[in-house]
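I opened my notebook to get to know a new structure. Come and look at it with me.

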Amino acid sequence: MAVIETEAQERLHLEEMVTRIRQALEELDERIRHAKDEIIGAKKYVWENRDQLDPAERAANVVDIWLSVEQGETSVMRQSRLQKLESSPYFGRVDFIADDQERAQAYYIGVTAFGVEADQENAIYDWRSPIASLFYDYQVGPAHYTAPEGEIEGKIGLKRQYRIRESKMEYMIESSMNINDDVLQKELSRTSDEKMKDIVATIQKEQNEIIRNDSSHELIIQGVAGSGKTSVALHRVAYLLYRHKATLTSRNILIISPNNVFSDYISNVLPELGEEQIAEVGFNEIAANELAGICEFQTFYEQVSELAVSTDDSLTERIRYKAKMDFVRRIEDFIEHVSQSYFCPMDIHFQDVSVDREQIWDAYQASAGLPVKLRLEKTASSISGRTRDTDGGKLTTSTANKIKAAIKKMFRTQNLLAIYKDFYAYVGRPELFKLRKPRTLEFSDVFPLVYLKIRMEGAKGYAEVKHLLVDEMQDYTVIQYVVLASLFKCKKTILGDGNQSVNPYSSSSIADMKQVFPEADTVELFKSYRSTSEIITFAQRINPSSKIVAIKRHGTTPQIRRCENEEDEMFRIGELVAQLKESECRTLGIICKTQAQAEMLYEKISENDRSVSLLDFSSEKFIEGVIVTTVHAAKGLEFDKVIVPFADSSNYKTEMDRSLLYIACTRAMHALALTFHAEPSSFYSEAERQIR
Ligand SMILES: Nc1ncnc2c1ncn2[C@@H]1O[C@H](COP(=O)(O)OP(=O)(O)OP(=O)(O)O)[C@@H](O)[C@H]1O
C-alpha cells in the first residue's frame, strides 16, 4: 500500500475505499438476485415435476433450495454490513511494525472487516480482530498484541482517528494531539438519542480489557454510574460472537434485563455492530415460568414502589432476612431436612406382594443427592422393578404402578407452598412469611420458592444459552443468583453498581456474589463518561460512598431551585421544560421518586403540553422529548437534561432515598436541576441548603 501521510491523501484513500465498497455491494446485489432466481427456479421445478420425482429426488431438491436460501441470507447480511461500511468505512488507523518486519503497515479499523480480493489483504480490519486491540490499548511507541500464532511485539509509528459520515470525512485527528481525549470529548458532548449507541470508535483501554476477556467463566463488572458497563457488556457480546463464530450465535446469548424500556433502549447496539439482536428476559418471566400453576406473586417493581412510601418495619425485616447468603444456607439445611424427614416409608402389602419399609428406605437412601421428585421416582421404579410376587414372578404392570403410587405417597406433601411455609416454622420465625392474598407471594419470597422448587423437582435449565448477561446486578438478591447458577451453567457477564440500588434492604455487593460464584473474576470501573464533571461532583456529594470519577467535560453547575409553594414549583418546572424546547437538547427526563408523583406531574404538565410522555413499567419504548418518569423506571437510561422535582427533606430522607436521588442525578448528561418547596433535603451541602 502506498504511504498515506497527508490529509489530502487520506481523503483520496477514503474515496478509493468507498468506491471499492460500492463495487462489492454491486457484486453482492448481483449474487442476491442470482440466489433469488435460483430458489424460484428450483421451487418451480419441484412443483411442476412433483409427480415424476421420487421421494429421494424431492428431498435432494429441497436440500438444494435450503442451501441457496442460506447462501442468499449470508449475502443479505453481508450486504447490510457493507452498507454501514459504505457510510463510515473506518474510524481509526494504526501503523505497526513488528520486530521481525522491515516496514510498518497501516491498519485501518472499522465496524466490520473489508477485504480487497486482489491483494488478499484486509483493507479494513474488524474492530474485534487481534490487530485492532493495538488501537485501543496503545499510543505511539512500543506495543504488542496477541495473534493466533502468539504474541507479536513491535512499535506503533502512527495513530489516527477519523469521523466519517455519509462517506465524507468530518474530521481526522493525528496522534500528536491527545487523540483519545479529543475524540471522546466530541462524542460525549453530543446530544442523547432514543437508543444507546455503539462506542466502538472510542472504547477506552480499561473497557477494552473487559470486552476482550475470554477466559473468565463469570465476569463481574462493578462500575460507577455512566462508566459504560452496559455499553461494554454489549460490545463484549459482539466480541465473543466474532471470536467464537463457529460455536456461538446470537441464539446462544441471553440478557437478563430490568424492563422492556431498557431492552428497547439497548436494542440498537448489536445491530449497529453488525450482529443480530439477542433475546432478553426479565426475572419476572423466569419466576412466572417456574411458578406457573403454583402461585401468583408481587413483582420487584411493586415491592420497590411499596418500599418508597412504606414505614412498615416488619416489611423491611422480612426483605432483609431473605436477602443474604445466610438465608440461602438455612434454606439448604431445610431442604436436606425435608428430603430426609418428610419421607416416611411403610410396609406395603397387596394380595400377593409385600415390601417392607427398610427395603424402601434403603432404596431411597441410595439416590441421596438427587432432587426429591427424582429420588422418589427412582425409589419407586427400583422397588417395583425388583419386587416379586409370592410365586417369584415379575409384577404385572398394574401392581407395579400401584406400588409406585404407594411409595410416592409416603412423602408427607408435595405441595411446594406448604413446604415453603414449613421452612419458617423450622427456623422458628413463622412471622417472616406473609402471603399478600391467598396464594400470592411477596416479592422477597418469590426466588426462595423458585429455588425450593428447583431443589425439590430439578431444574429444566436453559441448555441452549451459552452466555448469560445480567445487568443491574445490585438489584438482585443472593438467592436470585443461586437460582441463576442452577438454571444457567454457562459463562456469565454480570454488571452493576452497588450505589445504584433501588432497594438497599436486599441489594447485592460483589462480596455477596463471590459467595455464589467463588471463581468469578471482578473488575471495577470508576470513570463516568455520561455526565459533565459538575453533575458528577454534585452527585458525589449526595452519595459520598460512590467512588465515581468525572471525566474532564464541563457544563453548567446543577441548579437547586427553592420555590415558594407547590404552585410555584409547578411553574418553575414549566419554565425549565420550555427552556429545553428552545435548546438543542433532545431529551429531558423529569425523574420523580414515586409513581404517584410522576402521574400527578404528568397530568399537570400535559394540561398545557400534550407532547410530554409518561414512562413507567408498562411502557415498551424510550422516546424523545419530555419524559416524566420514576427513578426506578429511569435506571440504565440517560437524558440530555434532568429535572428532579420535589427534592425536599420529606421526600428524600432515608438511605434508600439517598440512593434514589443519586440515581436520578446521574441520569443527566449535560444539565441538571432540582426543585423543591418547604425544607431542602439534607443530602445537599450546607451551601446548597441556604439557596434562596
Ligand atoms: N468509551 C466510550 N466512548 C464514548 N462514550 C462512552 C464510552 N463509554 C461510555 N460511554 C457513554 O457513556 C454513557 C453511559 O454508558 P452506559 O449506559 O453503558 O453506562 P453504565 O455504566 O451502564 O451506566 P449506569 O449504570 O449509570 O446506567 C453512554 O452514553 C455511553 O455511550
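Here are my entries, from the whole protein down to single residues.

**Ground rules**

I kept in mind that this is a predicted model: local features need pLDDT of at least 70, side-chain atom pairs count only at pLDDT 80 or more, and totals for chains, interfaces and linings use all residues. I number residues from 1 along each chain as its sequence is written.

**The whole protein**

I looked up the overall extent, and the C-alpha trace spans about 100 × 85 × 55 Å along its principal axes. The protein holds 25 helices and 25 strands; helices (H or I, at least four residues) and strands (E, at least two) are DSSP runs, numbered from the N terminus.

How many of the 692 residues count as buried? I found 41%. A residue is buried if 20 or more other C-beta atoms lie within 10 Å of its own, exposed if 12 or fewer, and partly exposed in between, with C-beta atoms placed from the backbone.

Next I checked contacts, where two residues count if their C-beta atoms, placed from the backbone, lie within 7 Å. Among contacts between residues at least 6 apart in sequence, 71% join residues at least 24 apart.

I traced an open sheet of six strands in the order 10-9-15-16-8-17, with parallel pairing. Strand 10 and strand 17 (521–525) stand at the edges with a single partner strand each, so one side of each has no neighbour in the sheet. On average, neighbouring strands here are turned by 20° against each other, direction ignored. For pairing, DSSP must find at least two bridges between two strands.

I then followed strand 9 (residues 253–256), which is covered on both faces: I253 and I255 are buried on one side, L254 and I256 on the other. Four bridges join strand 9 to strand 15 (residues 467–470), and the two run parallel. Here I255 stands opposite L469 of strand 15. Strand 9 also pairs in the parallel sense with strand 10 (residues 279–281), over three bridges, and I256 stands opposite V281 there.

The bridge partner of G223 in strand 17 is L525.

I found another open sheet of six strands, with parallel pairing and the order 20-25-24-21-23-22. Strand 20 (559–562) and strand 22 (613–615) are at its edges, each with a single partner strand, so one side of each is left without a neighbour in the sheet. The twist averages 25° from one strand to the next.

Inside this sheet I picked out strand 24 (residues 639–644) and strand 25 (residues 668–676), which pair in the parallel sense over five bridges. V644 has L674 in strand 25 as its bridge partner. Helix 22 (residues 595–608) packs on the sheet, touching strand 21 (587–592), strand 22 and strand 23 (625–630), and its direction makes about 150° with that of strand 23. Such axes are lines fitted to C-alpha atoms, for helices over the stretch in contact, and angles run from 0 to 180 degrees between N-to-C directions.

Is helix 17 largely enclosed or open? I counted 13 of its 15 residues as buried, so helix 17 is largely enclosed by the rest of the structure. G458 follows helix 17 and has a positive phi, near 95°.

I319 sits in helix 11 (residues 313–321). I319 is buried, with 21 other C-beta atoms within 10 Å. Not counting residues up to four places away in sequence, I319 touches S444, Y505 and S506. From I319 to T477 I noted 158 residues in sequence and 9.8 Å in space, C-alpha to C-alpha.

**Two positive phi values**

Which loop holds S167? S167 lies between strand 6 (150–165) and strand 7 (168–174). Its phi is near 65°, a positive value in a residue other than glycine. S167 counts as partly exposed, with 17 C-beta neighbours inside 10 Å.

F646 is also not a glycine and has a positive phi of about 55°. I found F646 in the loop between strand 24 and helix 24 (655–665). F646 counts as buried, with 22 C-beta neighbours inside 10 Å.
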